[in-house]
Structures are given as C-alpha cells and as structure tokens.
Amino acid sequence: MALAQEVRTVEEELGAVVEEHRYAFLVGAAVVLGVAGFGAAWTLLRLIGFFTHLAFYHRIAAAYAEAHAGPFAYGLGMLAALVGANLLAGLAIRFGHPALSGHGIPEVMESVLEKESRIPLRVALLKPVFSALVIGFGSPFGAEGPIIQTGGAIGSVLGQLVATTANERKVLIACGAAAGMTGIFGTPIAAVLLPVELITFEFSLRTVALPAIAVAVAYVLRTTLLDAAPLFAMHPTASIGPTALAWCLAFGVLAGAEAAGITAALYWLEDAYKRIPGTGLVSRPVLGALFVGLVAFAAPDVLGVGYDLLRTVLNDQATIGQLAHLLVAKGAAWLVALASGTVGGVLAPLFIVAGATGGIVGHLVGAASGMSPSLVALVFMGAVFGAGARIVLTASLFAAEVTGNFAAVVPVLLATAVATIVAEQLLPYNIMTGKLVRRGVEVSLDYFARNPGARRRRPAARPGRDGSPVR
C-alpha cells in the first residue's frame, strides 16, 4: 500500500512538472508569435506598397500608397494590372491551395473545427504574397483577413513543428492571428477578442491570456517601428446624451439590415459566378477584376484599400454626394470582386461602405440626433462590422481603438448590439460563417458552461508518506 501511494505521489509530481513546463512553452510560443505576427504584418504592408508603386506610380518603393491616387490609376494599364494580378491569384488558388481564396477567416475557422487546427505551411507563405499582389494592383480589398489567416497559419505551423495537441495549436493560431491584426491596425484589445469570438470557439484563461502576450509584443513593435497614432484618427466625441443613445437604437436597426443585405448579396453573387458556364477557380477572379476595372474608369477611388477615404469620412470632409458615390461604387466593386473567389479582405471596404451609409444618415438627421455625421459614420462602421460577423465586443472596441475615440464606445456598442440581433433574425449565417454553413460545417458562436449551476469542487487532498493529507 505504501509503495502504491509513493508511486502515485511521484506520478502526480511529474504530471505537475510537465503541466507547468507546458504552460511555459505556450507562453514562450506566444512571445515568438508576437514577433512573427508583427513581422508578417510589416511584410504584408511593405508588399502592398511595393506592388502599388509598381502598378500605379511606375517606380520602385515600398512605403504605403493608395492605388487610386497614383498617376497611372486610369486607362488600359490599370485594367491590365488588375486582370493580371487576379489571374495569378486564381492560378495560386487552383494549384497552390484552395484556402487562399477569399479573405481567409472562414478557412481558419474550418481548420479549427474540422482539421485539428492544422494549416499548411504554403498558406502562410503564399497568402501574404498574393494578397499584396491583388490589393497592390488595385483590387478593392483590405489587409485584415489576409493577415489574420497568415498569422494564424504561422501559429499552426509552429504547433505542427513541435509536439502539440489540437487545442494547443488552436491557441497558437489565435496568438498569431491576434499579433498580425495588432501589427496592421494597432488595436490590441480588439485583437485579443476577435479570435475568442471567431476562431477558438472558447472563452478561457488560455484563449485570452496567451494571445494577450502575443499582442503586447506585436503592439510594442508596431508603436516602435511603424506608428503609435491611431490608424483612422478622428476628433474625440463630446459627451453622449440620452437623445443620441435613443437614435443609436434606430441606427442599429438600419445597420443590422445593411449587414444582412451585404451578406446575402455576397453569397448570391458567389452562386451567380458558379452558374456561368465554363468558369472556375482561375477564370472567376479575372471576371471580377474586369468588373472592378470598368467601374474604376468612372470611379478610380474604388481601387486599392482606401484608408484615406475612411479618414475623409471620419473627419466630416465628405459631402452627401461623395458619400453616395462611395457607397455605390466601392460597395459594388468590392462585392463583385470578393464573390469571384479571389484573394482579399473584408474589413476596410466594409468600413467604407458602412461609413458612407452612416455619413449620409448623419447629414440627414444630425441636427435631430445631436451627433455629427462623422460620429454617426463611426457608429455604422462598428455596427455593420459587428452585425456582419456577429462579433459585438470586438467590433465595438475595434471602432474605438482604431480611431482613438474611446468616448464613442457606448453608442457604438449599443448600435452594434441592436444591429447584431436584427441581422441574426434576418439571416441565419453571417459573412464569416456563411461559406462554412453552406458546405455543411456546423458553426456555433454561442458558448455555454458544461454543467450550468454545478459548483466547482475543491480537488481532493493527496496522502502524504505517513498517510496524512497534504494540501
């Protein structure tokens, strides 16, 4: 009996040592992924800048630049650049890996749900290159989806190089994705929350604390090597009164309907592409690029990411006519291009479309609501993003962090909550999960305790060598 107790004691002590060392490994991996995630973000931004300068400025440079502001954003050269980049992207999707298609977040979710959190190395290598090529050559996308997939892929690859479980790889994916998002946008709190709400399907100490470590590393590097200022800085909001909050309820209803409409339109367009005879993974991105090019002949500001357009909207520098132009032109170009299956992101164009809608509404009811058009635009940005992806907390905090306007977090949070409820009633899936749901993959973004109401018991004491309890 004494020998059996001794063996049990040794086994428990060894298990505790292994567990302690496991957490030490995960913390170290989070630090590494913080560096790697920022490095991927820095590389993606530089590649986008390089391709943009090459296509629309005809020079060699890597600094960030807007495609639509370049002297060669007009004419057949622009169209050739768009079509050529999307042709190459289609070939990469066809012969490289199908997970390169789209903005990438559904593919990360699928890897966690269906593939034991395994993402191939070639996705981590090819995604940033072809995303930068397509965006830099004028496609109307953002960098957020690609960097989340790239950062997540780096985390998954690290987890495959060493002996890890599927749950541990899931956490490493979250660390890489959060660090990459921080590197692009400088939004550390939202970057920690996004994997919880969209990728890990788990709210626990490890899915929050470990990505937080990676985010802290990436944030320090970003503020040191890139820019400490908010990406879309805007004038701070004055105090929000009850009248403005009441209007935010109405804004939330409109934003929820817009988010559901955008999602439904995207998947309707995807189905429409598939019904075109003789088209496939290579030819559909080319068709989408041709449409964007035709729109750009009349509206060159649809080309590229459009961060400068967002700054214009968020600082009350756009008229109703300019906002309507952005809403229609950018919205149509983005949806048709994304539905084609090419490589690209959703957040920046979604923000532009939602911000343009909010700006128009703000111009119309600003006096009655007591809110400036730019504040209403910010409310719509957060609400449409949150409702479109069903991520209330992430979207609300992202809107505050990316603008530095934390005084606006309450109206954005209220409108986002209402919008998400409305969108969920109108559409059973969202812009992130629709692709998976339509493939038959079950996706639930609701989290519940395993045994609701059950009290957590204190672990039993293990016996000491003399039989007395040891705590």
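Guide: Start with Gly145, which is found in helix 5. Keep in mind that this is a predicted model.

Visitor: Why is Gly145 called buried?

Guide: The relative accessible area of Gly145 is 0%. Buried means under 20%. Gly145 is therefore buried.

Visitor: What does Gly145 touch, not counting residues up to four places away in sequence?

Guide: Gly145 touches His103, Ile105 and Gly345. Take His103: 42 residues separate it from Gly145 in sequence, and the C-alpha atoms of the two are 4.6 Å apart.

Visitor: How many aromatic pairs does a search of the whole structure find?

Guide: The search finds 11 aromatic pairs. One of the pairs is Phe51 with Phe137, and it is edge-to-face.

Visitor: What makes the pair of Phe51 and Phe137 edge-to-face?

Guide: The ring centres of Phe51 and Phe137 are 5.7 Å apart, with 75° between the planes. Centres within 6.5 Å make a pair, and planes over 60 degrees apart count as edge-to-face. Both values pass, so the label holds for Phe51 and Phe137.

Visitor: Which parts does the pair of Phe51 and Phe137 tie together?

Guide: Phe51 lies in helix 1, and Phe137 lies in the loop between helix 4 and helix 5. The pair therefore ties together parts that are 86 residues apart in sequence.

Visitor: Are Phe51 and Phe137 buried or exposed?

Guide: Phe51 has 13% relative accessibility, and Phe137 has 15%. The cut-off for buried is under 20%. Phe51 counts as buried, and Phe137 counts as buried.

Visitor: Why is the pair of Trp247 and Phe251 called tilted?

Guide: Trp247 and Phe251 have 35° between their planes and lie 6.0 Å centre to centre. Stacked needs under 30 degrees, edge-to-face needs over 60, and the rest are tilted. So Trp247 and Phe251 form a tilted pair. These two residues are four apart in helix 9, which means about one helical turn separates them.

Visitor: Why is Trp247 called partly exposed?

Guide: Trp247 has 28% relative accessibility. Buried is under 20% and exposed is over 50%, with partly exposed in between. Trp247 therefore counts as partly exposed. Phe251, with a relative accessible area of 2%, is buried.

Visitor: How do you know that the charged end of Arg94 sits over the ring of Phe95?

Guide: The charged end of Arg94 is 4.8 Å from the centre of the Phe95 ring. The distance limit is 6 Å, and the charge must also be within 35 degrees of the ring normal.

Visitor: Which residues line the largest cavity?

Guide: Among them are Ile105, Glu144, Phe385 and Met432. The largest cavity has a volume of about 60 Å³. The elements that give two or more residues to its lining are helix 5 and helix 7.

Visitor: What is the space in the largest pocket?

Guide: About 540 Å³ of space lies in the largest pocket. Its lining has 28 residues, and Ser101, Glu270, Lys274, Lys435 and Arg439 lie nearest the centre. Helix 9 gives the most to this lining, with five residues.

Key
Residues are numbered from 1 along each chain as its sequence is written. This is a predicted model: local features need pLDDT of at least 70, side-chain atom pairs count only at pLDDT 80 or more; totals for chains, interfaces and linings use all residues. Side-chain values use heavy atoms; hydrogens and water are left out. Buried means under 20% relative accessible area, exposed over 50%, partly exposed in between (1.4 Å probe, protein chains only). On a 1 Å grid over the protein atoms alone, a cavity is a set of points where a 1.4 Å probe fits but cannot get out, and a pocket is an open set with protein on both sides within 12 Å along at least five of seven lines; lining residues have an atom within 4 Å of a point. Grid points are joined across faces, edges and corners, and a volume is the space filled by probe spheres set on the points. Contact means heavy atoms within 4.5 Å.
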